[in-house]
Amino acid sequence: MTPRPAIALALGLAATPAFAESGQEWLARMGAALSNASYLGEFVSESAGRTERFAITHRVRDGVVSERLVSLSGHGRELVRENDEVVVYLPDQKLAIIERRSGRSDLLGALPQFEGRMAAWYKVDWVGRETLDDFGPTAVVAVRPLDSFRFGYRLWIDVDSHMPVRSDLSDGSGRVIERLRFTRLKFDNAIPDSAFEPALDRRKLRWVRQSPQSDDEAPAWRAAQVPPGFRLSASGVQALAGPNAPVGHLVYSDGLATVSVFIRVPRPGQVPAAGTSRSGVASAYTTVVDGHQVTAVGEVPTRTLKAIATSLRPAAATPDEARAAANRRN
Amino acid sequence: MTDRIKEQLSAFLDGELPDPESALLLKRLERDDELRGALSRYSLIGAVLRSDGDVPAARQVAARVSAAIAREPARGTRFVRLPGYGAFLRAAAGAAVAAGVALGAVLLVQQIESQDAAAPDAVMAQADLPPVQPVTDDLDPLDGTADIYVTPPAPDAPAGIPPAELANYLVAHYGYASPLARRSVGAGLISDDDPAFVEQLPPAETTDP
């Protein structure tokens, strides 16, 4: 790694010689580093018995976040984002999916403060110091969920750069679901634009654009009940690859964990899907509500997805209509 | 086996056992060979009595088993495996009904945990199954080699959404994931092991970059 004092200076971090060994303090430092640092690195993802390597290039310049994530195994799939636009390149499928949202800056979102409302759902614990082979001394902080509706984290924060160099995602019982571990990390405040160009021939790809239809348009659906702490944080209607009709998109969050709910009308003659799916640490639960296919997606336990998806109701429904709909479902 | 269980079996076969009790009975059937044998005998007797030896009534029993399984909350895809009709007729002729070929034998093909799917291997399991065949009326009832698989109603089958559809949702969700989880979600999206992009749905909009 780069000499540590240089890292702190490059990131504009205050050189405080005597830190309070508090989990909250370390999370705040980590959040600042995540928001400001520009770096190149490689990390390993271990999940479900598989190990995969990724390269990452991350730059923050004039408030604009650029990031390129490349799978170093197999087909060289990539994800490139610049602020609110995300492009997933799938060379093996000769496909690129563009997700662009206007007027929002969720991708710049900072780490939440684990105080106030958040303290009811998560507990931040200072675990201690631990020396990692690749990075030297780290501060270890645990973010523990206080119920089984959300996952927890254990973070190894480099004491000089304040970057999380390892993170374990775990369920309510402490069982690790996924481990992300940096194997290489180099800070660089002069990463050129060319570093965010995908290493593939873009002319050979089929481009699929996913975008909002209207900022003012919101799906007329709401979850009647959500797990404790979750609130509606965004809603809209957008075009997605696949469905011909617009898809309603609601986002529920407890401040850290987020759940996206997608509502769509099945194609004529199509039996709506139902059940549970999975991709990496994200799960999806699909059910049918009033003839609509409702899918909740998020990096949370399936019970959280199920609780939200099954409680979805047309927002304009009166209590009598809601009861009638419930009777139809039963 | 207690009289109470026998009564439950009888009620189940007559379609009169409440759903919650049916669910419990089905769970017990999975692990109790004696109970499966009894179910087989009872159902065979009932089928023969109700249908003069024909098999439609037996199919109704099978459908009832299937429907009851399908109604079970938070259970995975199950398939009810029925023996060939010839086996029934041979059994009706007086052969002992082996528990292994019992009418109610439930072949659990796939089950997805409902309480906590956090375990990476808990979901998205795609079982490599034999072809599913519908029950039809044109099967030769004497053909003892024909296995029949009855699937639960499709809307209750927890097959999940197609991988490509899940991928599209994840791309849309990515921007809302928390800073701590976003990298994991992104890595999952481009993971080579991820089946999410194996199938592709027709795009809503295809355009140049």
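Helix 6 of chain B in this predicted model spans residues 163-174, and its 12 residues extend 16 Å from the first C-alpha to the last, close to the 16 Å expected at 1.5 Å a residue. The expected span is 1.5 Å times one less than the number of residues in the helix; helices (H or I, at least four residues) and strands (E, at least two) are DSSP runs numbered from the N terminus. Because 12 of the 12 residues of helix 6 of chain B are buried, this helix is largely enclosed by the rest of the structure. The buried residues include Pro163(B), Leu166(B), Tyr169(B) and Tyr174(B). A residue is classed as buried if 20 or more other C-beta atoms, placed from the backbone, lie within 10 Å of its own, as exposed if 12 or fewer do, and as partly exposed in between.

In chain A, Arg129(A) belongs to strand 7 (residues 122-132). Arg129(A) is exposed, since 12 other C-beta atoms lie within 10 Å. Beyond its neighbours within four places in sequence, Arg129(A) contacts Pro137(A) and Ala139(A), a contact requiring C-beta atoms, placed from the backbone, within 7 Å. The C-alpha atoms of Arg129(A) and Ile157(A) are 9.3 Å apart, at a sequence separation of 28 residues.

The model scores ipTM 0.84 and pTM 0.63. Chain B averages a pLDDT (the predictor's confidence in each residue, from 0 to 100) of 49, with 21% of the residues at 70 or above. Over residues 68-158 of chain B, pLDDT stays under 50, and the model has 167 contacts beyond four places in sequence for this segment.

Residues are numbered from 1 along each chain as its sequence is written, while chains are lettered from A and ligands numbered from 1 in the order in which they are written. In this predicted model, local features need pLDDT of at least 70 and side-chain atom pairs count only at pLDDT 80 or more, whereas totals for chains, interfaces and linings use all residues.

Technical notes:
Two residues are in contact if their C-beta atoms, placed from the backbone, lie within 7 Å.
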